[in-house]
Amino acid sequence: MHEISLLTSIVALIITAFFTKQYYKNRVRIDLILSLYGMIFTTRQIVLYIWLNLEPLTTARIILRATDYLIGIPLMLLGFELFYSSAASRVRGIDRRVKPITNLGAVIILSIIAMLYLLIDVESARRLAVLVVFPFLFGVLIYYLIIFINNPYKIPKPEYERGINLILLGYLTQIFGTAFFAGILRQVDLGIATELVSVLIVGAGGIVSETVTFAGLYEKLDAGLIVIDNNGHIEMVKLYDKVEQYNRSSHASLTAEAIILYINDYLEQVFESGREVTIPHLTLDPLEHDKIYRIDIIPHRLDRESKPLSILIIITDVTSSIREMESEKLADLFKKYLEERDTARLYFDLLSHDIGNLLQVILFAADSGEFDNDPQFRSDIMHELLAKVNRSRYLLKEVRIMARAKEYAKTIKPIDVGDAIREAIISVQEFLSEGASNIDIDVTLNEGTRMALADDLITHGLMGVLRFFITNHSGSNGLRIDISSPDEGHVVLITFTDPTIEISESLRPHIFSQEARVILPIDSIGLILAKKVFNRYGGTIKLKGSEQGTTIVVQLPAA
C-alpha cells in the first residue's frame, strides 16, 4: 500500500543527484540547498512509506510518526532559508532577526509535537499538530508576503529571480497541500501525491535557475547595465537596447570601459564592503554629455563569505525627473518673489499714503499757526496733530511687526482668545484717536473651548481687525465680538459684527487684497495685516458683508 510514496522518494533522489552534481560543478549556493532538500525529502518519503504500512497503534508506527516530525525540522529550515534569501535579495525592509526567530520556532514546535506522539494518544497529537504547526507556517508566510508587497526593489537581483518563484511555489504546495488532503480530509494518498507534485515543481524551479540566462532577464529593463567581476573584467553590457557579452571591438563594450573609469572608486568600495552604493546625479561624456544619470552599484554574485564575485552597475537616465524638480523649485522661488514684491508694494503704499497724510496735517498746523492767534483754534489743531501722530505710530509699529514676522520664533502654543482680544482692544484704543474709546465693544464668550493654537503675534492680528472696525465705524451702534467653538471643538471662531459699516457686494472680494486701499472707500489696511498673521497658524479670515452691516469671521485651530 501507499507505493506512491516510493515513487516520490525516487523522484526526490533523482533531483538530489542532479543538484549535488551541479553544486560540485558550479559551487552555487542554491544548488546546495536543493541538494539537501532532495536528500531529506527522500528520507522522509521512505520513513513515511514504512510507518504507513505498519499496523495502527503499534510502538514502531508511533515512533516513526514522531520521527517524521523530526525529519520535518531540517526540511522546514531549508524552506525558511529559501524565503529569507529571496526576501533579503529583493526587498529593503526585512529584519535580520526574522531568520533566527522562525528557525527557533520551527525547532521548538516540531520537537514538541514529536514528543507528544510518544506521550499521549496519536489522535490528540495529530490534532495539536494541525492546530499549532500550520498557523505558525501561515504566520511566517503572511509576514513574507507583506514584506514583498510593501518593500519591493525596483530592479530585482537576477540570481534569486531565476526559478526561485517556482521553488517557493513547490515548497508551499508541499506544506499546505499535504496539510489539506492528509491532515484535514484524511486522504493520505492524495497528500502524498501532492508531495510528488511539489517536489517536481521544486526540481523544475532549480532547472530553470540553471538555464535562464542573466542577460535575458535584464534585456527588457529600461536602464543601462554593466556586469564586472572582482578582477575588473567586464562580463556583460547593455547600453544601447541590446544585451551582449563583452567584446572589445564593440561600441557598447568600449563605452562601458570608459564609464568604469568615472566610477572606479565606487566599484572598489562595493567590492570591499559588499554593500550597494548609489550615485544620485552624474554626467557621463561617453554616453550623452547633456544628460544626467543615476548610477546604482550593487553586489551581483557572492562567494561563500558573502563577498562580491561580481557587481552590477545600473545606469538610469534621470534628466527629465531632475528638470521637473528644478522647475518646481523655480516655481516656488518665483512664488516667494511675488509674495515679497506684493509685501513691498504694500509697505510703499503705507508710507506714501498714511505718512503723507501726517505731513499734510503738520503743514496745515504750521500754516494755520501763522495766521490765527486764537488759543482754542491752536488747541484743536494740536489735538488733531497728536491724533494723527498716534495713528501713524500705531501703523508703523504694526507694519514693522508684520515685516519681521519671519524672524519670530513660530512657537505654537495654546492662546486664550478672550485674553488676546481684550489686550488687542486696549492696544488699539491707546494708539487711535480718543473717539475709539467711546465705541461700545461687546465681547461674548460662548460655551466651548476658547484656546487656540497660535503664537504671540495673534494679538497683532486681532488688532488689525479691530482697527478696521474702529476707523470705519459710524453711528451709535457698537461692535459685537462673539467667540465660539463649533465642529466638536476642533476650531475657534471669532465673529466681529458692526451694523454701521456697509460694503457693496462688488467691493467685498477686494477687501483683503493689496489694491484694497486704492479702490475701496474705507480703510482696510488692518485686515491685510491680520490675514498675514492668521495664515501663519493655518487659520482663515472671511468677510460676510451685507447692506445692513459687516461681519468678519476669523477661524483658528483649537488647542
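Tutor: We begin with contacts: two residues are in contact when heavy atoms of theirs lie within 4.5 Å. Keep in mind that this is a predicted model.

Student: Among contacts between residues at least 6 apart in sequence, what percentage join residues at least 24 apart?

Tutor: In this protein the figure is 68%.

Student: How many helices and strands does the protein have?

Tutor: There are 17 helices and 13 strands. The protein has 559 residues, and 46% of them count as buried. Its accessible surface is about 29,700 Å², with 58% belonging to carbon and sulfur atoms.

Student: How do I read burial for a single residue? Is I541 buried or exposed?

Tutor: Buried means under 20% relative accessible area. I541 has 9% relative accessibility, so I541 counts as buried. This residue lies in strand β12, which covers residues 540-546.

Student: Which residues does I541 touch, not counting residues up to four places away in sequence?

Tutor: I541 touches V465, F512, L527, A530, K531, F534, I552, V553 and V554. As for distances, I541 and L556 are 15 residues apart in sequence, and their C-alpha atoms are 8.9 Å apart in space.

Student: Where is T459, and what is T459 in contact with?

Tutor: T459 sits in helix α15, residues 458-472. Because its relative accessibility is 9%, T459 counts as buried. Setting aside neighbours within four places in sequence, T459 is in contact with A420, E423 and A424.

Student: Next, empty space. What is the general idea?

Tutor: A probe the size of a water molecule is rolled over the atoms, and this shows where empty space is left. In this case, a search of the whole structure finds 2 cavities of 30 Å³ or more.

Student: Which residues line the largest cavity?

Tutor: The lining consists of F80, F83, L137, V140, L141, Y171, L172, I175 and F176. Helices α3, α5 and α7 each give two or more residues to this lining, and α7 has the largest share, with 4 residues. By class, the lining has 9 nonpolar residues, no polar and no charged. The space in the largest cavity is about 50 Å³.

Student: What volume does the second largest pocket have?

Tutor: The volume of the second largest pocket is about 910 Å³. It is lined by 36 residues, and the closest to its centre are R44, R65, D68, Y69 and T178. Elements that each supply at least two residues of this lining include α2 (29-52), α4 (98-119) and α8 (188-211). The lining of this pocket divides into 23 nonpolar, 5 polar and 8 charged residues.

Student: How do I read a pair of aromatic rings?

Tutor: Rings pair if their centres lie within 6.5 Å. By this rule there are 9 aromatic pairs. The ring centres of Y143 and Y144 are 5.4 Å apart and the planes are at 75°, so this pair is edge-to-face. Y143 is partly exposed, at 28% relative accessible area, whereas Y144 is buried, at 1%.

Student: Which parts does the pair of F469 and F496 tie together?

Tutor: F469 lies in helix α15 and F496 in strand β11 (residues 491-498), so the pair ties together parts that are 27 residues apart in sequence. This pair is stacked, with 6.0 Å from centre to centre and 15° between the planes. Both F469 and F496 are buried.

Student: Which residues form an aromatic cluster?

Tutor: Y37, F41 and Y171 form one. Y171 is also one of the residues that line the largest cavity.

Notes
Residues numbered from 1 in each chain as written. Predicted model: local features only at pLDDT ≥ 70, side-chain atom pairs only at ≥ 80, totals over all residues. Heavy atoms only, no water. Buried < 20%, exposed > 50% of the residue type's maximum accessible area, 1.4 Å probe, protein only. 1 Å grid on protein atoms, 1.4 Å probe; cavity = no way out; pocket = protein on both sides within 12 Å on 5 of 7 lines; lining within 4 Å. Points joined across faces, edges and corners; volume = space filled by probe spheres on them. Nonpolar A, V, L, I, M, F, W, Y, C, P; charged D, E, K, R; others polar. Areas by Shrake-Rupley, 256 points an atom, 1.4 Å probe, with all protein chains shown as cover. Phe/Tyr/Trp six-rings, centres within 6.5 Å; stacked < 30°, edge-to-face > 60°.
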